[in-house]
Amino acid sequence: MTVAFAAGADEKALRDADEAWSKAAASKDVDQTVSFYADDAVVMPPNADRATTKEAIRKIWKDLLTDAKVSWKASKVEVAKSGDIGFISGTYEVTMNDVVTGKPVNDHGKYLEVWEKNPDGSWKCAADIWNSDIPLTKAASEKK
């Protein structure tokens with residue numbers, strides 16, 4: 001019973017952390033958004049190189065939050081039996097203005113995060129990847 005309770009507490013802590021992270025991004029707080037990552041995190045945004053330093057991760061978020069409204073919501077939260085690693089998957093939404101037309105463009109998709117539990121009991125995201133559910137246009141596909 002204690003193990004199940006501990007796992008439930010960890011799952012709640014992860015879900016709460018992910019929700020707080022989404023709120024930080026929605027408020028366009030770059031520093032707070034980046035603070036959820038582990039020091040050795042890897043971030044893999046769509047159509048871009050992966051980022052493996054805090055500076056590179058900060059640039060991704062600064063660029064994204066400058067021009068877009070971002071939010072996400074966890075749909076599945078799991079903690080490994082070891083209790084020191086967790087996984088979150090869910091959906092995201094991004095709205096930004098098209099650079100050519102100035103009209104709002106909406107994107108939505110899915111994400112997967114891997115979290116590590118620190119010795120002090122806090123959780124940090126060690127790996128973060130997201131990609132769109134919107135298919136590439138024919139023109140974009142032909143450019144490859």
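Q: At 42% relative accessibility, does Lys 28 count as buried, partly exposed or exposed?

A: The cut-offs settle this: buried means under 20% relative accessible area, exposed means over 50%, and partly exposed lies in between. Lys 28, at 42%, therefore counts as partly exposed. Keep in mind that the model is predicted.

Q: Where is Lys 28, and what is its phi?

A: Most residues other than glycine have a negative phi. Lys 28 has a phi near 65°, a positive value in a residue other than glycine. Lys 28 sits in the loop between α1 and α2. Asn 47 also has a positive phi, near 55°, and its place is in the loop between β1 and α3. With 79% relative accessibility, Asn 47 counts as exposed.

Q: Which residues touch the most other members of the largest nonpolar core?

A: A nonpolar core is a set of buried nonpolar residues such as Leu, Ile and Trp, joined through side-chain atoms within 4.5 Å. The largest one here has 30 residues, and Tyr 37, Ile 57, Trp 61, Trp 72 and Trp 115 touch the most other members. Among the elements that each supply at least two residues of this core are α1 (2–26), α3 (54–67) and β4 (104–117). The largest share, six residues, comes from β2.

Q: What does Tyr 37 touch, beyond residues up to four places away in sequence?

A: Tyr 37 touches Trp 21, Val 43, Lys 54, Ile 57, Trp 61, Lys 124, Cys 125 and Asp 128.

Q: How far apart should the ends of α3 be, at 1.5 Å a residue?

A: The 14 residues of α3 should span 20 Å, and the end C-alpha atoms are 20 Å apart, which agrees.

Q: Which residues of α3 are buried, and which are exposed?

A: Ile 57, Ile 60, Trp 61 and Leu 65 are buried. Seen down the axis of α3, the buried residues fall within an arc of 115°, so they line one face of the helix. On the other side of α3, Glu 55, Lys 59, Thr 66 and Asp 67 are exposed.

Q: How many salt bridges are there?

A: To count one, look for a side-chain nitrogen of Lys or Arg within 4 Å of a carboxyl oxygen of Asp or Glu. By this rule the count comes to seven. One of them joins Lys 12 and Asp 16, at 2.7 Å from N to O. Being four residues apart in helix α1, these two are separated by about one helical turn. Lys 59 and Asp 63 form a salt bridge with their closest N and O atoms 2.6 Å apart; both lie in helix α3, again four residues apart.

Q: Which salt bridge links distant parts of the chain?

A: Asp 31 forms a salt bridge with Arg 58, with the closest N and O atoms 2.8 Å apart. Asp 31 is in helix α2 and Arg 58 in helix α3, 27 residues apart. Arg 58 counts as partly exposed, because its relative accessibility is 33%.

Conventions
Residues numbered from 1 in each chain as written. Predicted model: local features only at pLDDT ≥ 70, side-chain atom pairs only at ≥ 80, totals over all residues. Heavy atoms only, no water. Buried < 20%, exposed > 50% of the residue type's maximum accessible area, 1.4 Å probe, protein only. Contact = heavy atoms within 4.5 Å. Expected span 1.5 Å × (residues − 1). Arc of directions from axis to C-beta.
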